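Dear colleague,

Please find below the structure that I am handing over to you. The findings follow it, with the conventions stated where they are needed.

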Protein chains: 2
Amino acid sequence: MLSEFNLIAQYFTRSLRQDSRAALGVGDDCALLTPAPGMQLAISSDMLVEGRHFFPNADPKKLGHKCLAVNLSDLAAMGARPLAFTLAFSLPEARAEWLAPFSEGLFALADQHACELIGGDTTKGPLNICITIFGEIPAGQALRRDAAQPDDDIWVSGTLGDARLALAAYRHEIMLDDAVLDAASERMHTPTPRIALGLALRGIAHAAIDISDGLVGDLAHILERSNLGATLNVDALPAGTMLTQQPLDTRRRFTLAGGDDYELCFTAPVSERAAVLAAAQAATTTVTRAGSIGAVPGLRLIDAHGQPLHLQTASFDHFTSP
Amino acid sequence: MLSEFNLIAQYFTRSLRQDSRAALGVGDDCALLTPAPGMQLAISSDMLVEGRHFFPNADPKKLGHKCLAVNLSDLAAMGARPLAFTLAFSLPEARAEWLAPFSEGLFALADQHACELIGGDTTKGPLNICITIFGEIPAGQALRRDAAQPDDDIWVSGTLGDARLALAAYRHEIMLDDAVLDAASERMHTPTPRIALGLALRGIAHAAIDISDGLVGDLAHILERSNLGATLNVDALPAGTMLTQQPLDTRRRFTLAGGDDYELCFTAPVSERAAVLAAAQAATTTVTRAGSIGAVPGLRLIDAHGQPLHLQTASFDHFTSP
């Protein structure tokens with residue numbers, strides 16, 4: 001069995017980048033990070049628990065990707081540029097067969113975004129992975145949840161609901177062909193954090209959030225914090241490629257409240273429509289306009305013909321959901 | 001049962017301080033932190049797992065204290081001033097009887113050090129608490145592990161071994177009177193992070209580390225990183241008040257390799273002895289000189305008469321220890 005120190009050395013210690021903001025990385029009591037002048041640090045922590053956020057037999061390489069992806073997604077939703085992260089995890093035993101592919105998946109995504117591992121902690125226990133991520137953003141430019149304005153358009157990046165479709169198949173709520181399930185599963189296991197889009201939307205979008213618990217619940221956070229309401233055209237929402245083959249009711253429910261999408265939901269002034277589309281193109285990410293912010297509190301769902309829709313949807317809550 | 005959002009709101013959402021470095025706290029995708037000009041951020045993560053770092057029936061108020069204390073101790077060992085922390089935890093259920101005292105113990109210590117909770121994550125799962133802490137330090141002044149110099153004195157703060165004594169009693173390795181066990185247990189359950197001492201040692205000490213896994217193992221990190229060796233006078237080490245009543249062999253073993261002390265071990269030039277003592281007095285913390293750094297690699301233990309001691313000691317390793 002590997003000792004804790006050998007384990008860290010073998011799989012998680014790398015040299016700092018030439019252009020690193022870190023003055024000191026893994027191996028001291030603390031890491032040292034020097035933000036550039038005029039920059040704020042954006043900080044987020046996400047904890048992923050076996051059996052709750054991923055299956056006990058989850059592919060460790062994909063898991064390494066996903067743990068970092070969900071944190072990068074929080075930076076994207078603020079418009080922050082990734083800098084560094086810490087990794088704390090407990091695992092039942094230090095096995096190379098798990099650690100090697102886990103660190104491979106983790107660092108592959110980290111390297112794509114020039115995001116360095118600068119510290120952390122390892123211990124024995126039920127599998128639990130906690131990443132805290134650091135990004136930087138010019139002071140005052142963050143895309144906050146409380147910044148939506150009346151008459152803003154509501155936009156969604158990429159597509160929604162394919163991760164939820166895969167989950168439905170795993171739960172035997174729905175039958176899928178193997179090829180369809182494989183494609184949908186990719187969305188669940190290896191989400192794409194929308195970093196480039198978040199950066200491109202600085203100065204254009206007002207409010208933003210990443211869609212992790214389902215669009216309805218996450219948009220509700222923007223509305224609550226901004227003290228506003230919204231009308232959402234459910235049939236305008238961009239369904240995932242696999243989800244488009246499903247019946248209308250499934251499409252609507254999974255795009256609205258699927259969870260695990262890690263797309264961005266953001267608001268922007270009507271006058272910035274061309275700028276939003278240009279930002280999306282620059283970030284090679286599709287965006288879809290699907291509603292608007294209003295002064296009256298609450299979320300109103302409408303169909304393609306503008307008629308009110310009454311759908312039972314619920315956002316994911318870690319303590320009251322099954 | 002409380003939902004995740006109610007739980008965060010009820011126990012973990014407070015207003016930011018007037019003098020906060022945080023521009024945005026709990027409740028968005030990320031927190032925003034603005035370090036003062038010329039400052040580096042010191043960052044550390046520690047994960048505490050039920051059954052590994054604390055007993056399943058641990059007092060939640062003391063546990064709240066300890067989770068933050070072990071992180072503050074890492075800042076102390078760098079000479080950093082606490083600023084803020086994130087808290088991510090999984091727990092089996094959201095019970096007020098646990099959350100209320102846990103948050104009380106956590107915030108009582110946080111307030112002592114003006115250290116703000118700025119974000120985090122809560123989820124369902126086996127009890128696991130991960131704190132990432134942020135401190136600031138003028139660029140270049142951190143007390144690093146790799147900065148020891150030949151002929152430096154080796155110093156230890158406070159006393160060592162009482163936490164290990166309590167553990168020995170819990171494990172039935174040793175019998176203690178109730179009053180002695182209670183006193184020793186306090187050292188185990190509510191350690192005191194040496195923040196004031198760490199700050200006072202800036203510019204005086206060379207290298208520092210906090211003693212979490214036992215002095216021998218932690219001092220070895222300084223020696224390894226600094227590429228040096230040391231001679232340690234075992235009988236000069238400051239044994240805990242309760243430990244002093246134990247036989248010599250127990251005193252030696254528990255001061256050398258006790259673990260869970262959260263005292264500082266640091267090195268400083270011989271010429272700075274008066275300055276070290278003045279810093280300790282300013283920080284109202286005792287310090288004891290117990291050895292010296294040398295050019296020859298390895299750690300040599302000696303007794304009060306300068307004779308070599310051959311003791312079996314081992315540092316705690318989270319994967320190879322029982």
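Helix α4 (residues 162–170) of chain A is mostly covered, with seven of its nine residues buried (buried means under 20% relative accessible area, exposed over 50% and partly exposed in between, with a 1.4 Å probe and protein chains only). Helices (H or I, at least four residues) and strands (E, at least two) are DSSP runs numbered from the N terminus. The buried residues of α4(A) are Asp162(A), Ala163(A), Arg164(A), Leu165(A), Ala166(A), Ala168(A) and Ala169(A). Their cover includes α5 and α8 (248–257) of chain A, where contact means heavy atoms within 4.5 Å. Just after α4(A), His172(A) adopts a positive phi of about 60 degrees.

Please note that this is a predicted model, in which local features need pLDDT of at least 70 and side-chain atom pairs count only at pLDDT 80 or more, while totals for chains, interfaces and linings use all residues. Residues are numbered from 1 along each chain as its sequence is written, chains are lettered from A and ligands numbered from 1 in the order in which they are written, and side-chain values use heavy atoms, with hydrogens and water left out.

Next, the nonpolar cores. A nonpolar core is a set of buried Ala, Val, Leu, Ile, Met, Phe, Trp, Tyr and Cys residues joined through side-chain atoms within 4.5 Å. The largest has 58 residues, and Phe12(A), Phe85(A), Leu87(A), Ile129(A) and Phe266(A) have the most contacts inside it. Helix α2(A) supplies the largest share of this core, 10 residues. Apart from this core lies another, of 57 residues, including Ala69(B), Val70(B), Leu87(B) and Phe89(B). Leaving aside neighbours within four places in sequence, Leu87(A) is in contact with residues including Phe12(A), Phe102(A), Leu106(A), Ile129(A) and Ile131(A).

Two helix pairs deserve mention. In chain B, the axes of α2 (residues 60–76) and α3 (residues 96–112) come within 6 Å and cross at roughly 40 degrees.

Lys62(A), His65(A) and Lys66(A) of α2(A) meet Glu186(A), Met188(A) and His189(A) of α5(A). By class, that contact has one nonpolar, two polar and three charged residues.

Finally, some loop residues of chain B. Ala114(B), in the loop between α3 and β5 (116–124), has a positive phi near 50 degrees without being a glycine, and is partly exposed at 29% relative accessibility. Thr284(B), likewise not a glycine, has a positive phi of about 45 degrees; Thr284(B) lies between α9 (273–282) and β11 (287–294) and is exposed, with a relative accessible area of 74%. Ile204(B), in the loop between α6 (195–200) and β8 (208–211), is buried at 15% relative accessibility. Beyond residues up to four places away in sequence, Ile204(B) touches Ala268(B), Pro269(B), Glu272(B), Ala275(B), Val276(B) and Ala279(B).

With kind regards

How values were computed. Axes are lines fitted to C-alpha atoms, for helices over the stretch in contact, and angles run from 0 to 180 degrees between N-to-C directions. Ala, Val, Leu, Ile, Met, Phe, Trp, Tyr, Cys and Pro count as nonpolar, Asp, Glu, Lys and Arg as charged, and the others, Gly among them, as polar.
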